[in-house]
Structures are given as structure tokens and as C-alpha cells.
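Trainee: I should like to learn how to read a structure of this kind. Could you please guide me through it?

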Amino acid sequence: MTPAAVAAPDPSPPCIPMTTSLTTEVAFQRCISPACGSTYGVEEVHTSCPACGNLLDVAYDWDRARPPGSFEHFETKWMRRSDPLAFSGVWRFRELLPFAPPEKLVTIGEGQTLLSVSDPVGGFVGLRRGRLHLQYEGLNPSGSFKDNGMAAAFSHAHMIGARRAACASTGNTSASLAVYCAVTRLMRAIIFIGSGKISYGKLSQALDYGALTIQIAGDFDDAMARVKEVSGRLGIYLVNSVNPFRLEGQKTIMFRVLESLAWQPPDWIVVPGGNLGNSSAFGKAFIELKALGLIDRVPRLAIINAAGADTLYELYTRRGLRWEAGRADLSPACHYYDELDRLARRADTIASAIEINRPVNLNKCLRALEACDGVVREVSEQEILDAKAQVGAGGLGCEPASAASVAGAKRLVAEGVIGRDERVVCILTGHQLKDPNATVAYHTTDQDLFDEVLGSRGVSRASFANRAISVGNRIDEIVQAIDLYG
Ligand code: F0G
């Protein structure tokens, strides 16, 4: 269900860059490499620094932007919920991402998400009562956290007059782009997906919402490489998380977490790692909040890879790659990618949303790990599915990739890295109904189905399965089953 509330249609003709606006005076784009530090206007469209090729940030002149001096300012917006921009869980915080004028901001009601304490899941993770919080981003209009970033990237696209927007996707970015296009009719969605690599829940969204859907004979990493080339060549606006405006929207997930915790930072944020956009955005959010004096300490960040797509774990934890205040020697990453090519090793995990071997935001993520004293872990398919079953039993269903955060938290508690008394927030990035195949296969009594979907991936048991009971079409058998198990 999508509450449709869009800022006024753009009266300006396509492809006319905005040159004068209040926001261009306070916001600009800047290369993340301190050695380069080149800057560009917000009316320009780049997915990397034209001078050195590194990633770009959206940066602000905070002295001019004058953001609120306290968080209470944002709370007052709750009283104005008939105003779409005050209702939006992204634009409610727009003073902390002030890159576009209000009349260009697009919202479809994203960010009405929930932070809840879960003692059942907390017990599974090994934490004491009241310590585990789940941030349920599955409540977004398209069913995943992507809508936070899409609201921002889409607004930027609208601001510069784009008429076509593209992405490569494991399914959620594409569903999100497709729904923003369908609701607003401002742009045509063109999505690139790896062949056979997308769950039906997500594919069905893109098709239903009318996106031009291009299935590439390859995986996500291939689709990502192609969409960059094609969008560059055809001048199509790219909404993948190499787009720095996307990550501005994703900062607001952390603003809402803080808001739900009465503005007290938790001890840990635990997030699945795929293309590493979320983790990068979270790091940026905390760096900025600290610099603005809105928080006095930053939470620690734990990023969790699936073992079958573990580039960050390999580079950060095994090979010691670090940001080093922006002086990182990235040659270990290049060597690793060469190794992957030589061995023809492809990402492979049931958590298809994070089945990515070449995370495009690697550098920004390293910066976030440094700022947030971060750790990286990998978890097995078995751990992911058991954690997912526990999240479901706790009442907030999620897709496999999301459960990596809970599985990772459990590991870190077992290792003693996370203390049992620490306050932990796991991000549930996507809704359970995104990928029902994995769920049904886990709970099934059909051994062939289990073997085909999960056994083939090394999952040997379903310790938390809730199996359907088969009975004949007879009242006595049904009553007997309920008496026995009910
Ligand atoms: N969880 C879910 C449900 C996702 O869809 C994704 C990414 C991630 C976690 C990883 O987040 O990339 O910020 O590290 N999905 C992208 C997509 C790649 O195309 O939908 P990240």
C-alpha cells in the first residue's frame, strides 16, 4: 500500500540544470578522498569523482545551512502529519540533508518504520532482556529500506529534470525505483537484474509497477557494471548507491533509530552488508551528528556478510584493509578482485539481496568502520536461516539478507565482542514476503524441497521449523490434529 503524496509536478523542461537555488549555496558534492577533495555542484550528476574516480559525498556548509541545534525540532513535526514532507520519515529530517528545495522533494510516504524491543530474538542472540532492538524497514512502501534512499535520489533526479532512471538490482532497489516511478509518473524506470538471481516477490513488484525490466545473462556484479556503462552512454539517471544522494536518504534510518531511543545512541548498530550503501550512510550520519554536536558519542558498527558473498569480511577482517583517514592503500581489494576473476568465483548465497562480490561503496564503508570503531563478520546460510526463523517467530518477518544482522549479532555476543548488557539495534532491511521460497523451504516437511532449496547450500537442519500438519479432509482427523498440537 502506497500513500501517494508527491510534491508539485516539475514545471521546468527536462535536462535543464538548476543553477540558482538556496540549496546549491549550502550543499555541494565532494570527493571522499582527502587527497583529492574536488567539489562539484549539486546540480551536476556524477557517480564518481571526475577528477580521480573515487566516490562522492554530498557535503554541506553547515554554518550556512544552520540545522536545528537540538533533536526536539524534529519531534514537533509529528504534529503536522497532514503535510507530506513532515509525515515522511525521510523529509521530516530534511534540515540534515538539505540539498534540494522543498518544492522538488518527492515522497510516497516512506520511512514510517518501527524500532521495537524483541526479547524472544534477544534471548536467541544471547542478550539480556530489553537489550535487542529490531529496526523494521520492511514497513516501507516497497517493503525495504531502499525507499529511504530512493526518496532522496529520486528527488535529486527530479530536481535536475531527469526523465529516465535506472538501476542494477538484486531486487529491492528495483522495486523501490519502480514504485516511485509508478506513483509519481515523473520518470520511466529501467531496471537491470541478473538472470535467475531475483526472488519472485521482488521481480513481481517491478513488473506490476510497470518498470522496463532487463534481465542480463549474468549476476548482480555484471548488471551493475552494465548499468553504469549504459546510463553513462544514454544519459539515464542512475539511482544505485554510487549515487551520493541515495545515501543521504539512508542516513534517516539512523535518525529514526535515535528518535525511537529518545536520542540516546545505542551501543551497536548491526547491519547486513551487500553493496555497503547502508553502512556507509550510517557512518556518515553519525560523523555529521557528532560534528554538529547533536550526539556526543557514536555507536559501534557491525557489518555482516553472507559467507558466500564475503568481500568486505575478507578484505577488512582477514587482509586488514583500513580507511586510514582516507590514505588507504586499496591494492588488496584489486588483488582480491583479480583472484575472484581467476578462480571464476561468483557470489552465492540464499540471501540473494546481498549476493554481491564487488561492493560499490567499499571505500565509504571503510570510512564508516573507522568512524564507528566497526567490526565485520560473515555468517553461514544455516545461521542466516535459523536467525530468520527466530525473527519471524518473534513477530517481525524478514527476508534472508536482513536476518544476517541477527545472525551476526549472535556471533558477536558469543565471541564476547558485544556484551550481553549492551544496547543493540539490528536492522531488518527487507520484508518477509520479499522471498517466501526460503521461508517455505525452511518450514517444509517435504525433504525434496528442503534439499533442493536449502540442502544444496549446506543447510542441514531447520531447528526452528514450524511444520504444517497434513490431515485428510475429515473433521475427526482435523480435531485430532488440533487436540494433539494445538
Ligand atoms: N538487505 C536487503 C534486503 C537488501 O536489498 C540489500 C541490498 C542489502 C541488505 C544490502 O544493503 O547494499 O546497502 O549493503 N540490496 C540491493 C538491491 C543491492 O539491489 O536491492 P547495502
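Trainee: What is the mean pLDDT of the protein?

Mentor: The mean pLDDT is 93, and 95% of the residues reach 70 or more.

Trainee: Over which residues does pLDDT stay under 50?

Mentor: Where pLDDT is low, the predicted coordinates should not be read in detail. Here that concerns residues 1-22, where pLDDT stays under 50. The model has 38 contacts beyond four places in sequence for this stretch.

Trainee: What span should helix α16 have, at 1.5 Å a residue?

Mentor: Helix α16 covers residues 400-414, and its 15 residues should span 21 Å. Its end C-alpha atoms are 21 Å apart, so the model agrees with the expectation.

Trainee: Is α16 mostly covered or mostly exposed?

Mentor: A residue counts as buried when its relative accessible area is under 20%. By that criterion twelve of the 15 residues of α16 are buried, and the helix is mostly covered. Among them are P400, G408, L412 and V413. Just after α16, G416 takes a positive phi of about 85°.

Trainee: How many residues surround the ligand, and which are the closest?

Mentor: The ligand is surrounded by 21 residues, of which S169, N172, G274, N275 and T429 are the closest.

Conventions: Residues are numbered from 1 along each chain as its sequence is written. This is a predicted model: local features need pLDDT of at least 70, side-chain atom pairs count only at pLDDT 80 or more; totals for chains, interfaces and linings use all residues. Side-chain values use heavy atoms; hydrogens and water are left out. pLDDT is the predictor's confidence in each residue, from 0 to 100. Contact means heavy atoms within 4.5 Å. Helices (H or I, at least four residues) and strands (E, at least two) are DSSP runs, numbered from the N terminus. The expected span of a helix is 1.5 Å times one less than its number of residues. Buried means under 20% relative accessible area, exposed over 50%, partly exposed in between (1.4 Å probe, protein chains only). A residue is near a molecule or strand if one of its heavy atoms lies within 4 Å of it.
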